[in-house]
Amino acid sequence: MDTQQRRSPIIIVTGTPGTGKTTHAQALVDASPVPLRHLNIGELVKDRKLHEGFDEEWQSYIVDDDKVLDEIEPLVDKGGLVLDWHTCGIFPERWIDLVVVLRCDHTMLWERLEKRQYPLKKIQENNEAEIMQTVLDEARESYAEEIIVELQSEGTSDLESNVARITAWVEAWRRDRGFVDGTEEGQS
């Protein structure tokens, strides 16, 4: 199914671990004017065993991208997905309507990751990735610039304004495709 036929968009919420992806994704689902489904890809990988094992050094799963895509593909036609993951480039461009890249001050990010009790090596790697804007660069390499938005995620006010902005975008996306108040224009 092409994106013009979907009733709701597919949105990626991505960013370095600790930038607030899961919090933003769930808040968006809760605030959305239309039903959206939050898919935490990291949890999906663990729960559905979409990996090739666990890397003890990095304390993370070795993700099988093909298994992840095969798992998600049946849901894509319906749309209405919020894909929450620290990377975005594996998702086919034709699936995605909006890519939200969350950013955070690296000092704040370090503190957030320490609170999660990440190993020092993992904190350093993620902090460096945030400083070097690795996730933003990956988004820019993978998707058209006009569907990428970079948002700060450093506190509650950022969360609230980001969710309001994305919700307004969802409403505009639907209006642009002829959907009004849950129906198509011209239908009652």
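**Entry 1: the whole protein**

I remind myself at the outset that this is a predicted model. I started with the secondary structure, and the protein comes to seven helices and nine strands. Next I looked up the extent of the C-alpha trace, which spans about 60 × 35 × 30 Å along its principal axes. I then checked the radius of gyration: a compact globule with 188 residues would be near 16 Å, and the protein has 17 Å, which agrees.

I also wanted to know how much of the chain is tucked away. Of the 188 residues, 44% count as buried. As for contacts with a separation of 6 or more, 73% of them come from residues 24 or more positions apart.

**Entry 2: helix α6**

Which residues of α6 are buried? I found V135, L136 and A139 in this helix, which runs over residues 134-142. They lie on the same side of α6, because the arc they cover around the axis is only 100°. I then looked for what lies over them, and the cover includes β1 (8-15), β6 (98-103) and β7 (148-152).

**Entry 3: salt bridges**

A search of the whole structure gave me eight salt bridges. I followed a few of them up.

My first stop was K121 with E57, where the closest N and O atoms are 2.1 Å apart. K121 sits in helix α5 and E57 in the loop between β3 and β4 (60-63), so this pair ties together parts that are 64 residues apart in sequence. I noted K121 as partly exposed, at a relative accessible area of 37%.

Then I turned to E150, which forms a salt bridge with R103 at 3.0 Å between the closest N and O atoms. Here strand β7 holds E150 and strand β6 holds R103, so the pair ties together parts 47 residues apart in sequence. E150 is partly exposed, with a relative accessible area of 38%, whereas R103 is buried at 12%.

E150 also meets R140 in a salt bridge, at 4.0 Å from N to O. That pair links strand β7 with helix α6, as E150 and R140 are ten residues apart. R140 is partly exposed, at 36% relative accessible area. Putting the shared partners together, I get one network that joins R103, E130, R140, E145 and E150.

**Entry 4: a lysine without a salt bridge**

K21 is buried, yet it has no salt bridge. How far away is the nearest side chain of opposite charge? That side chain is D84, and I read 5.3 Å. A salt bridge needs the nitrogen and the carboxyl oxygen within 4 Å.

Leaving out residues up to four places away in sequence, K21 touches V13, T14, G15, T16, D84, W85, H86 and L102.

**Entry 5: L44 and its surroundings**

L44 is in helix α2, and at 13% relative accessibility it counts as buried. Which residues is L44 in contact with, apart from its neighbours within four places in sequence? I listed K49, L50, E71 and I72.

**Entry 6: two positive phi angles**

K49 turned up again when I went through backbone angles. Its phi is near 55°, a positive value in a residue other than glycine. K49 lies in the loop between α2 (41-47) and β3 (51-55). Is K49 buried or exposed? I noted it as exposed, with a relative accessible area of 58%.

Q117 was my other case, with phi near 60°, also positive in a residue other than glycine. Its place is the loop between α4 (106-115) and α5 (120-131), and at 70% relative accessibility Q117 counts as exposed.

While I was there I looked at the start of α4. A side-chain oxygen of D105 reaches to within 3.0 Å of the backbone nitrogen of T107. At the other end, α4 is followed by Q117 with its positive phi.

Terms used: Residues are numbered from 1 along each chain as its sequence is written. This is a predicted model: local features need pLDDT of at least 70, side-chain atom pairs count only at pLDDT 80 or more; totals for chains, interfaces and linings use all residues. Side-chain values use heavy atoms; hydrogens and water are left out. Helices (H or I, at least four residues) and strands (E, at least two) are DSSP runs, numbered from the N terminus. Buried means under 20% relative accessible area, exposed over 50%, partly exposed in between (1.4 Å probe, protein chains only). Lys and Arg count as positive and Asp and Glu as negative; His and the chain ends are not counted. Contact means heavy atoms within 4.5 Å. The arc is that of the directions from the helix axis to the C-beta atoms. The radius of gyration is taken over C-alpha atoms; the globule rule is 2.2 Å times the number of residues to the power 0.38. A polar contact is a pair of N or O atoms within 3.5 Å; within protein, one must be able to donate a hydrogen and the other to accept it, and residues adjacent in sequence count only if both atoms are side-chain atoms.
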